[in-house]
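Subject: Structure handover and findings

Hello,

Here is the structure you asked for, with the sequence. My notes on it follow below.

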Amino acid sequence: NSEANNHLNLSGKNILITAGPTREAIDPVRYLTNHSSGKMGYALAEAAVRYGASVTLISGPTSLDKPSGVNLIKVTNAQEMLDAVLQELSNSDLLIKAAAVADYRPKKVAEHKIKKHDDSLTIELQKNTDILTEVSKHRSAKQIIVGFAAESENLLVNAKKKLQTKKLDFIIANDISKSNSGFDVDYNQVIICNKDGSIKELPKLHKKQLAVEILKEITNS
Ligand code: CTP
Ligand code: CA
């Protein structure tokens, strides 16, 4: 009902949010990462606190300030993010995974700075554990688990596939091919897919405003 959808009261709720990129070390001075400013996850954390929730934010490296009232856990790589999420999961009513987790890490981290020699260099990569897939093995039915899907093509098909394989309650689909929307900018445009098959397309909004709309949608249905 649309009236209920306009109301947001998160008091008494424990909300866990991940944000930012992860950094996977290559050697002591280099790393692999993804584009991610952390703005969407931090905006979700700020909004959740404002509407009364108790919020833990697990963040990869970003240039953003700690939102006040948030319990901030800083991590660097995907393994540390996985460990922190599993540690905090049982105490959470709602998990929102806005982080851009690196899919692969260098198989070996070089102990010393890699010196340049040949014209080409190969670094072997190893797949990182999928955090949401691990979460779905440990979650309870009462918990609400929300993922993000950043896609450059076939937005809804790819997002709905992730909703199913990761056993999520919602996935927030984000078309990164649209200009001035998505990574490293203040605005974003998303479609929220519910596991019941329904979708809600939101207009392009400032991430701070979008955060409130996302929280309404995933807590009121
Ligand atoms: N995710 C995760 N653990 C990973 C990789 C991704 O939990 N090791 C989460 C992200 O935080 C996001 C969701 O899975 O909420 C979808 O991430 P995305 O990169 O779009 O999907 P992938 O499953 O990694 O598939 P691909 O990158 O091949 O599209
Ligand atoms: Ca990925």
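Which residue in β10 is the bridge partner of G147? The partner of G147 is I171.

Before the rest, the ground rules. This is a predicted model, in which local features need pLDDT of at least 70, side-chain atom pairs count only at pLDDT 80 or more, and totals for chains, interfaces and linings use all residues. Residues are numbered from 1 along each chain as its sequence is written, while chains are lettered from A and ligands numbered from 1 in the order in which they are written. Helices (H or I, at least four residues) and strands (E, at least two) are DSSP runs, numbered from the N terminus.

Strands

Two strands are taken to pair if DSSP finds at least two bridges between them. β9 (144-151) and β10 (170-175) run parallel and are joined by 6 bridges.

I call a residue buried if 20 or more other C-beta atoms lie within 10 Å of its own, exposed if 12 or fewer, and partly exposed in between, with C-beta atoms placed from the backbone. On that count β10 is mostly covered, as 5 of its 6 residues are buried. F170, in β10, is buried because 22 other C-beta atoms are within 10 Å. Contact means that the C-beta atoms of two residues, placed from the backbone, lie within 7 Å. Not counting residues up to four places away in sequence, F170 touches V146, I192, C193, N194, K195 and I218. F170 and C193 are 23 residues apart along the chain, and their C-alpha atoms are separated by 5.5 Å.

V190 lies in strand β12. V190 counts as buried because it has 28 C-beta neighbours inside 10 Å. With residues up to four places away in sequence left out, V190 touches I172, A173, N174, L202 and L210.

Core

A nonpolar core here is a set of buried Ala, Val, Leu, Ile, Met, Phe, Trp, Tyr and Cys residues joined through C-beta atoms within 7 Å. The largest one has 52 residues, and those with the most contacts inside it are I17, L44, A48, M81, I171 and I172. Helix α2 (residues 39-50) gives the largest share of this core, 7 residues. As background, nonpolar side chains tend to be buried together in soluble globular proteins. L44 touches I17, I96, A98, A211, I214 and L215, again not counting residues up to four places away in sequence. Between V190 and L44 there are 146 residues in sequence and 14 Å in space, C-alpha to C-alpha.

Helices

Which residues of α4 are buried? They are I131, L132 and V135.

In helix α5 (residues 155-165) the buried residues are L155, A159 and L163. Their arc around the axis is only 55 degrees, which puts them on the same side of α5. V157, Q164 and T165 are exposed on the other side. Among the elements covering the buried residues of α5 are β9, β10 and β12. After α5 comes K167, whose phi is positive, near 55 degrees.

Ligand 1

A residue is near a molecule if its C-beta atom, placed from the backbone, lies within 6 Å of it. 14 residues surround ligand 1, the closest being K97, V101, I131, L132 and G147. α4 (131-138) and β9 are the elements that give two or more residues to this shell, and the largest share, 4 residues, comes from β9. By class, the shell has 8 nonpolar, 2 polar and 4 charged residues. In that count Ala, Val, Leu, Ile, Met, Phe, Trp, Tyr, Cys and Pro are nonpolar, Asp, Glu, Lys and Arg are charged, and the others, Gly among them, are polar.

Regards

Definitions and conventions
The arc is that of the directions from the helix axis to the C-beta atoms.
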